[in-house]
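Biologist: Could you take me through this model? I would like to begin with the overall fold and then turn to the details.
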Amino acid sequence: MTADIHALSGAYALDAVDPQERAEFERHLAGCPSCQAEVDSLREAGAALAELSTQTPPAHLREEVLSGARQIRPLPPKVLPIGQKRGWRRAGVLLAAAAVALGLVLVAYPRLNSQSGDRLAAVAAIQHAPDASATEQKLANGASVIWYRSASLDRTAVVVKNMPAPASGRVYELWLQNSAAQMVPAGFLPTGGSASAVLKSSTPDAKGAGITVEPAGGSPSPTSLPLSVVAFKAT
Amino acid sequence: MERDHLSLVPSATSAAAPDATDLSAVIKRCAKGDHDAFAALYDATSAKVYGLVLRVIRDAAQAEEVTQECYFEVWRQASRYDPDRGSALAWILTIAHRRAVDRIRAVEASDRRDRTYERTINVEGHDSTAEVAEARLEAQRVRSALDSLTPTQREAIELAYLGGYTHSEVALMLEVPLGTAKTRIRDGLIRLRDTMGVTTR
């Protein structure tokens with residue numbers, strides 16, 4: 001079935017899939033940046049077919065659409081505490097500037113509330129790795145974030161403190177940046193406040209990581225600019 | 001006259017449809033609540049959107065509803081359009097196509113789709129000469145690109161996209177194995193993309 005899943009990209013791009021296939025493929029998309037890029041380009045090609053069916057709508061529709069829009073509030077772009085520009089996914093310079101690798105193995109870490117023992121142990125394993133690096137950030141919303149990275153384990157962990165609780169229906173989603181400079185889903189922060197997580201993804205040798213606010217359930221790729229982003233120093 | 005609003009888009013003449021760069025800028029202005037920009041967007045894209053939706057749904061009344069819904073979503077989500085992912089027009093048409101397909105699948109009443117489709121071809125008589133020429137030119141470009149596909153690829157793609165059928169339904173309709181329709185659609189789209197020189201990045 002894994003071999004088949006890539007073959008669905010064309011049908012998916014044309015909405016020619018049933019709900020189960022759509023859900024399955026979107027789960028796949030979350031971890032396959034090359035498929036996402038392919039789907040985007042195939043959608044572009046598919047949309048060209050609309051040239052064959054152009055049809056001027058009835059005149060009355062125009063006013064209905066325009067007046068209807070007057071009762072709809074356009075969504076704002078996401079507000080960014082750290083003032084990142086658009087296109088942050090490929091802003092290599094920005095990421096490099098954000099990386100202040102301390103290069104220390106941390107023996108102690110802040111006491112954390114409401115975490116599972118397993119998660120703490122997994123985070124600690126990364127913190128204690130011989131080649132662990134730590135990058136500390138202070139966010140404009142008052143939160144502090146520490147990114148831990150071990151190249152030998154190929155693992156990343158994040159520890160946050162004083163993180164405001166996400167708005168209702170929203171989650172803090174974690175991302176890893178792959179070698180194609182795309183952000184791939186890597187899990188979620190379990191709560192606001194004090195929290196930690198090991199980033200999970202099939203992306204090997206990640207180049208960086210980030211946190212964004214997403215709708216509950218997460219998104220296959222970031223829909224907003226990040227609260228926090230870090231570039232891993234090349235080993 | 002509807003077309004007066006196009007003059008608000010700086011580089012668009014009154015007769016030519018705004019190009020891809022213009023539409024991206026127009027959407028940016030919509031994101032700030034610019035209703036004039038939204039009117040320009042509607043004027044530039046409504047024939048493509050409505051035509052596509054009508055082609056998929058067939059029922060004119062429902063096509064009008066779905067077209068409205070599409071534009072409301074475009075207006076609401078304008079700030080979320082990402083130019084890195086693709087053209088503004090493709091973004092709008094993706095919204096339109098998805099809504100049209102969702103509507104026919106939700107309804108699932110075959111009688112709605114069997115209703116006589118009165119206008120089966122591109123009726124260009126309503127538009128200005130320049131718009132007609134532009135539409136014909138673009139349609140010609142797409143038709144030429146489609147000629148580079150095998151007939152079976154083209155058939156599968158048109159049934160899937162314009163017909164709104166799933167690839168499994170397409171396989172049944174074309175009497176081919178399930179995997180074949182899926183492959184033809186993907187191979188054909190890749191061919192179409194490469195022939196038309198589509199780049200999103």
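Modeller: Chain B contains nine helices and zero strands, where helices (H or I, at least four residues) and strands (E, at least two) are DSSP runs numbered from the N terminus. This is a predicted model, in which local features need pLDDT of at least 70, side-chain atom pairs count only at pLDDT 80 or more, and totals for chains, interfaces and linings use all residues. Residues are numbered from 1 along each chain as its sequence is written, chains are lettered from A and ligands numbered from 1 in the order in which they are written, and side-chain values use heavy atoms, with hydrogens and water left out.

Biologist: How much of chain B is buried?
Modeller: Of its 201 residues, 48% count as buried, that is, under 20% relative accessible area, with exposed over 50% and partly exposed in between (1.4 Å probe, protein chains only).

Biologist: Which residues have the most contacts inside the largest nonpolar core?
Modeller: They are B:Phe38, B:Leu41 and B:Leu192, in a core of 80 residues. A nonpolar core is a set of buried Ala, Val, Leu, Ile, Met, Phe, Trp, Tyr and Cys residues joined through side-chain atoms within 4.5 Å. Helix 2 (residues 35–57) of chain B gives the most to this core, with 13 residues.

Biologist: And what does B:Leu41 touch?
Modeller: Leaving aside residues up to four places away in sequence, B:Leu41 touches B:Leu23, B:Val26, B:Ile27, B:Cys30, B:Val74 and B:Ile92; contact means heavy atoms within 4.5 Å.

Biologist: Turning to chain A, in what order do the strands of the open sheet lie?
Modeller: The order is 5-4-7-8, with antiparallel pairing; two strands pair if DSSP finds at least two bridges between them. Strand 5 (183–188) and strand 8 (228–231) of chain A are the edge strands, each pairing on one side only.

Biologist: How many bridges join strand 4 to strand 5 there?
Modeller: Four bridges join strand 4 (residues 170–177) of chain A to strand 5 of chain A. A:Trp175 has A:Pro185, in strand 5 of chain A, as its bridge partner.

Biologist: Finally, how much area do the two chains bury between them?
Modeller: Chain B and chain A bury about 6,000 Å², 59% of it on carbon and sulfur atoms. Buried area is the accessible area (1.4 Å probe) that two parts lose on being put together, summed over both. B:Tyr42, B:Arg80 and B:Arg85 supply 11% of the area that chain B buries against chain A, more than any other three residues. The contact takes 74 residues from chain B and 59 residues from chain A.
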